[in-house]
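This report concerns charged side chains and their surroundings in a protein chain. Please keep the sequence and the structure in view while reading.

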Amino acid sequence: MNNLQEVWSKRFNHYMTEVQKYMRFVFTGHLAIVLVFVIGAVGYQYSEWLKEVAETFPAEWIVAIVIGFILALSRPVTLLREPDQVYLLPLESKMSRYFNSALKWTFWSQMGLAFIIYIVAMPLLKTVTELAPGKIWLGLAIIIVLKYLNVHIEFNYRYANRGASLTIDRITRGILSILTVQSALTEGYSYVIIFIVLLFVYNRTLAKRVKLQPIPYEHFVKVEQNRMMGFYRFANYFTDVPHLQGSIKRRGWLNFIYSIVQYGPKSTQSYLVYRTFIRTDDHFYLWVRLTAISGLIALFVNIPIVTWIVAAALAFATTIQLKYALLSSGEFRMDRLYPVDGAQRKNAVRKVLRLFMVVQAIIVMLCSLGQPLFFVTGIIVIAISELTFQMTKDPSIEY
């Protein structure tokens, strides 16, 4: 039905506009420079490692496990909204056209990750296996078929079972996908055919059940909301997302940090800022993720200059985002009812950031112990953080 095609097209265009609006804040100039250095360094180390890798290295199983895991995660992108539970109900018998468009986009948008990983793994397969180039490319064709089947199976399973016991379905498809890829890389093509037939039969069985079920609008709407919320949380690490509602957790295991704050009227803002940072998921996990990325780069990229550039860039990103988040809070707070000096909050934010950036510096420095001048990494993190806080413009603070 043309109307449903138009509905999908309009929603897809709106979705792409929304994604592009926030992604331009993600892939900024300084992040692009970091990515260039990281990709170059990782590529160089990968090529050097391929010269020394043993022929007994289980490349087939490792590639199969990674690819199979990615293939099994095939959450459908339906772009359904909550009002659709009412307004699209009269068109339920013709919704297959809408879902066909949704599944096509799901397939092409998710195929890229598996494609990139397999392309990166090709030099490894050429080094440790006796596969001819044509058979390696045949493996990629088999992965495309597996992705197509996984996308349709997960959609049909969610449709038929309202998402119940989805983990069992994903484990089953993951195991079959892993065995199929591994068989293709070891030239066991008879097994490849058997596993693909099993997935095809599984999909047909679910498709027959789908025809007898009403559309689970509630489930698909919830899946879509969770998917977009995940994107907004990611974008919120780089820019402010106005309609994002962050969650709060107590994190009692970090209560000892509050003992740092001295008891007294001058410590009001310090206590509030410490609690805000530790208990707010968006703030706390931003620091955790950027620290983890910086630490992993320092651990696995044994090129000091690259480690220093990445550590500096992520220290800058951590500091500026947390400074803005902690200073620009517009929610009502009880401290606004009391005569608290406005400079206290900025000083409190400075203290919190200094503490946690020192912790980040220590973690990154420990991860780079095997490199010459490893202590420079910690110094860079602290210096960049302090300079960023001092030299960047303060957001407007409401009292």
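The side chains of Glu154 and Arg170 meet in a salt bridge at 2.8 Å, N to O, where a salt bridge is a side-chain nitrogen of Lys or Arg within 4 Å of a carboxyl oxygen of Asp or Glu. This pair links distant parts of the chain, with Glu154 in helix α6 and Arg170 in helix α7 (residues 166-185), 16 residues apart. Helices (H or I, at least four residues) and strands (E, at least two) are DSSP runs, numbered from the N terminus. The model is predicted: local features need pLDDT of at least 70, side-chain atom pairs count only at pLDDT 80 or more, and totals for chains, interfaces and linings use all residues. Residues are numbered from 1 along each chain as its sequence is written, and side-chain values use heavy atoms, leaving out hydrogens and water.

Is Glu154 buried or exposed? Glu154 counts as buried, because its relative accessibility is 0%; buried means under 20% relative accessible area, exposed over 50%, and partly exposed in between (1.4 Å probe, protein chains only). Arg170 is partly exposed at 22%. Both residues belong to a network of salt bridges that links Glu154, Arg158, Asp169, Arg170 and Arg173.

Side chains of opposite charge can pair when their charged atoms come close. The count comes to 10 salt bridges, among them the following.

| Salt bridge | Closest N to O distance |
|---|---|
| Lys21 and Glu18 | 3.5 Å |
| Glu224 and Arg227 | 2.4 Å |

Lys21 and Glu18 are three residues apart in helix α1 (residues 2-26), and are therefore separated by about one helical turn. Lys21 is partly exposed, with a relative accessible area of 35%, whereas Glu18 counts as buried at 12%. Glu224 and Arg227 both lie in helix α9 (residues 217-236), three residues apart, which is about one turn of the helix. Glu224 is buried at 4% relative accessibility, and Arg227 is buried at 12%.

Helix α6 (residues 133-161) also holds Asn156, which is buried at 9% relative accessibility. Leaving aside neighbours within four places in sequence, Asn156 is in contact (heavy atoms within 4.5 Å) with Asn203, Leu206, Ala207 and Val210.

The protein chain as a whole has 14 helices and zero strands. Buried residues make up 44% of its 399 residues. The C-alpha atoms fill a box of roughly 70 × 60 × 35 Å, taken along the principal axes.
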